[in-house]
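Reader: I have a two-chain model open on my screen and would like to talk it through. Could you go over it with me, piece by piece?
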Amino acid sequence: MIPDIAQEGSAQEEQWVPEPKAPVVMFNNVGKTYGRYQAIGGVSLALSGGVTGILGLNGAGKSTLFKLLMGKLQPTQGEVRLFGTNPWKNPAPYARVGYVPENENMHDWMTAHEFVSTFARLHGLTRDEAKQEAERVLEFVGLADVMHKKIGRYSKGMRQRAKIAHALVNDPDLIILDEPLQGCDPLARTTIMNVIRELGRMGRTVLLSSHILSEIERITEQIVILHQGRLLAIGNLHAIREQLDNIPHTIEIECGDAKALAQDVLSLEVVHGLQFPSPTKLKIFTHHLGEFHQRLPKIIVDNNHDVMVINNPDDDLQSILGYLTGGYN
Amino acid sequence: MGKKRGETIWTSLDRKATAIAEFTIRQYRTRISTWVVLGVGFLAISVVLLFYIDAMNTDIEAIDNDGDSYDWDGDGYVNGQEIKYGTDLNDAFSHPGLLNPPIEPEPASMYINEDDYDWDYSDASSITTGYDNDGDCANSSLLLSQQDGNGDGTPCNIILRYDSLNGGYIVFADPYVDEDPDEDRYGKEAQHRAFILGIGKLGFVFLLSIFIPLFLATGLIRDEMTSGTMQYMTAKPIARGEIFLYRMLGYLAIVWPYLIVVCSLLALVSGFMGPGDQFFRFGDLGVWFSILIAALLATLVYGMLFAFLGVLWKYGIILALPIAAWELGMALLSMSVPESSFLRMSIVGWSMSIIDSGAYLAWPDMAMFTQAGEWAGGSNQGDTFLMFGGNELPGYGALEWAQSDLGLGLGPYATTVVSVIVLLFQATFFWFIGQLIFKSKEIV
């Protein structure tokens with residue numbers, strides 16, 4: 001509320017130079033509270049390069065993290081650095097950042113081409129350069145054929161892609177996508193996922209958030225798990241899984257004869273419990289998910305079991321969070 | 001971006017600033033509320049214009065200010081004719097018909113508006129004016145000393161003396177001189193000037209310049225912040241102060257042409273419709289120009305102020321309303337007490353100064369002209385020989401209400417320059433505060 005005189009505000013690209021050794025994104029013990037509600041607390045994180053998925057339930061603080069990074073919010077504690085610069089004080093680093101907000105409101109009265117080219121000019125491009133750039137990025141996200149239609153008439157997936165296109169203008173080094181897959185149909189999801197994977201292959205630093213593990217899994221293995229505003233885990237998704245191995249997991253198997261399968265499975269020492277919800281369904285409890293999955297195929301093949309479905313109901317974010325926070329629900 | 005060949009000043013400007021300004025213009029154009037606000041403003045001005053056109057086409061009823069069209073004694077000869085021939089007004093057996101040779105009675109209409117003003121309004125320095133058109137001063141039975149009531153040595157004239165203490169002129173008139181002015185001639189001119197000043201001050205500087213920014217500028221930044229679309233703009237390498245400024249440029253690019261068009265339209269209509277023998281009243285254009293300048297600056301300052309209030313608080317329009325009420329009070333105050341120091345704490349007061357300066361330059365005779373309306377052939381000075389007629393001339397009241405003197409104690413040019421500088425300073429100040437608040441606002 002009180003004006004911050006120290007804010008620089010001028011965004012001259014030629015004056016601003018990123019610190020060469022600084023990580024692209026750096027949070028140092030960052031906290032953000034709204035009144036009494038703590039959205040983020042004590043988050044420390046440094047990222048450079050690659051595609052990183054920020055996982056967390058709704059309200060975990062993913063959007064807050066991004067907004068801190070984009071200088072929309074001022075941290076209540078700690079420091080945020082974008083290419084070594086404080087984004088709250090200086091918007092200059094955005095010359096190298098593309099941001100796709102979660103917000104679904106867009107300028108519906110513009111065409112995607114106008115939308116992208118108008119905002120491209122804020123990077124300091126001329127009218128003609130912006131037009132060319134808009135065509136390039138809209139082609140990249142697969143909207144070239146509809147780019148002269150009003151955004152208001154777009155489907156959800158097309159709107160998301162238009163937002164992504166606007167963020168890709170000026171070829172940024174860092175791309176931040178807040179829930180880019182939310183509300184999209186499967187086809188749009190696949191298209192957007194391909195775009196993100198492609199950006200990762202091009203060597204850009206990509207940050208994307210989601211509350212659906214399987215979505216992130218299809219894009220990247222590098223994840224950050226946020227829970228109730230705290231950093232719960234960082235690193236490779238499979239490595240995190242391994243850590244989870246010695247806590248009980250449930251596996252549901254639908255097969256022709258549940259009892260026969262149960263007899264064979266019981267021979268594995270990693271199995272410590274069984275349940276028969278129906279004659280064709282078997283629930284297996286194990287402490288070592290990885291080992292169990294290694295040995296299960298051999299049992300099925302050797303004994304000629306007729307297996308229709310293998311399901312890991314625990315293998316979603318909710319369960320992982322449950323384990324990581326100590327509860328088994 | 002490295003410098004490229006063919007880089008001109010325009011292409012270097014034609015990036016962020018024009019991108020946001022164009023974006024803002026197009027955004028306004030797609031909103032129906034913009035057209036409603038501008039349309040209602042035009043409608044309101046047009047209604048007043050219709051009243052003006054109607055007034056210009058309606059003859060003002062002639063009033064016999066000196067009462068000499070009456071026939072008191074009922075002898076068929078009106079008082080004026082009896083005065084001219086020196087017969088008794090109150091005796092039916094004394095009239096010009098009994099003279100030798102007998103005189104035919106003249107119609108009463110010859111004695112209405114028969115002695116109009118002969119004041120040279122265009123020469124503000126002239127102090128001796130007036131001419132006894134109907135000859136009832138010279139031909140009357142008055143002694144020579146009575147014919148020179150103001151004692152300047154010349155009978156049957158009028159002396160105007162400038163009253164430096166209270167401003168304006170004091171009329172010292174010999175009896176029966178310019179005592180029955182033409183209401184229509186004076187009233188049309190007075191109404192015409194009152195219309196221009198009134199619509200300029202209350203129509204343009206108050207109504208349009210406050211309500212258009214109130215509806216169009218308050219949400220300039222705020223609406224985007226509320227809907228979340230500001231996320232796109234603030235994610236680009238551009239300072240928020242620049243966003244504020246360039247959005248403002250877009251707003252001005254809608255509002256200023258609108259004001260120019262409406263103001264020119266009114267200047268044209270009133271120029272052709274206005275009283276006088278000339279084809280077009282070019283002399284009024286200076287006033288219209290000052291009205292336009294005042295309105296352009298007022299919409300700029302109010303725009304900056306209201307956009308700032310919108311940034312300050314989600315319900316910025318609630319903060320803007322008491323300011324609009326204050327400005328209305330100041331607008332009315334500036335028309336009655338232009339030297340009040342309260343006006344220095346307003347936007348409208350400075351804008352009004354510009355219009356008053358324009359009117360002062362375009363109509364240098366204003367002080368004498370209003371005095372003529374108040375004097376009304378002497379009927380407002382309690383002269384004994386005038387028992388009939390109204391008080392002021394028609395149109396005088398409206399003009400007196402609409403016009404005001406220069407309140408700053410400076411000449412017209414200095415007043416204009418000072419007012420323009422103050423208004424520009426106010427705009428810059430509100431922009432500076434506004435962008436400072438905007439920078440410190442979190443965009444959720």
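Reader: Let me start with one residue: leaving aside its neighbours within four places in sequence, which residues is A:Ile176 in contact with?
Author: Bearing in mind that this is a predicted model, A:Ile176 is in contact with A:Phe66, A:Leu69 and A:Met70, with A:Val97, A:Tyr99 and A:Val100, and with A:Leu207, once its neighbours within four places in sequence are set aside.

Reader: And which residues have the most contacts inside the largest nonpolar core?
Author: Those are A:Ile176 and B:Val301, in a core that has 182 residues. Helix H10 of chain B, residues 285-312, supplies the largest share of this core, with 19 residues. There is also a second, separate core of eleven residues, and A:Ile253, A:Ala258, A:Leu261 and A:Phe292 are among them.

Reader: How many residues of chain A are in contact with chain B, then?
Author: On the chain A side there are 34 residues, and they are in contact with 27 residues of chain B. Sorted by class, the side of chain A that touches chain B consists of 17 nonpolar, twelve polar and five charged residues.

Reader: What ipTM does the predictor give the complex?
Author: The predictor gives an ipTM of 0.81, together with a pTM of 0.85 for the complex.

Reader: Switching to chain A by itself, which domains is it divided into?
Author: Chain A has domain 1, covering 25-241, and domain 2, covering 247-324, and the C-alpha centres of these two domains of chain A lie 38 Å apart. Where they touch, domain 1 of chain A gives eight residues to the contact and domain 2 of chain A gives four residues.

Reader: Which elements give two or more residues to the domain 1 side of that contact?
Author: On the side of domain 1 of chain A that touches domain 2 of chain A, those elements are S8 and strand S9 (230-236) of chain A. That side has six nonpolar and two polar residues, with no charged residues.

Reader: What about helix H10 of chain A, which of its residues are buried?
Author: In that helix, residues 317-324 of chain A, the buried residues are A:Leu317, A:Ser319, A:Ile320 and A:Leu321. The buried residues of H10(A) pack against strand S3 (51-55), helix H6 (213-219) and strand S8 (222-227) of chain A.

Reader: On to chain B: why is it more spread out than a compact globule?
Author: Its radius of gyration is 29 Å, which is well over the 22 Å that the globule rule gives for 444 residues, so chain B counts as more spread out than a compact globule. The C-alpha trace of chain B spans about 105 × 45 × 40 Å along its principal axes, and the secondary structure of the chain comes to 15 helices and three strands. Of the 444 residues of chain B, 48% count as buried.

Reader: Where in chain B is confidence lowest, and where is it highest?
Author: Confidence in chain B is lowest in helix H1 (residues 9-13), at a mean of 65, and highest in H10(B), at 96. The average pLDDT for chain B is 87, and 92% of the residues score at least 70. Over residues 382-389 of chain B, however, pLDDT stays under 50, and for that stretch the model has 17 contacts beyond four places in sequence.

Methods. Residues are numbered from 1 along each chain as its sequence is written. Chains are lettered from A and ligands numbered from 1 in the order in which they are written. This is a predicted model: local features need pLDDT of at least 70, side-chain atom pairs count only at pLDDT 80 or more; totals for chains, interfaces and linings use all residues. Two residues are in contact if their C-beta atoms, placed from the backbone, lie within 7 Å. Ala, Val, Leu, Ile, Met, Phe, Trp, Tyr, Cys and Pro count as nonpolar, Asp, Glu, Lys and Arg as charged, and the others, Gly among them, as polar. A nonpolar core is a set of buried Ala, Val, Leu, Ile, Met, Phe, Trp, Tyr and Cys residues joined through C-beta atoms within 7 Å. A residue is buried if 20 or more other C-beta atoms lie within 10 Å of its own, exposed if 12 or fewer, and partly exposed in between; C-beta atoms are placed from the backbone. Helices (H or I, at least four residues) and strands (E, at least two) are DSSP runs, numbered from the N terminus. The radius of gyration is taken over C-alpha atoms; the globule rule is 2.2 Å times the number of residues to the power 0.38. Domain bounds come from an automatic or database domain assignment. pLDDT is the predictor's confidence in each residue, from 0 to 100.
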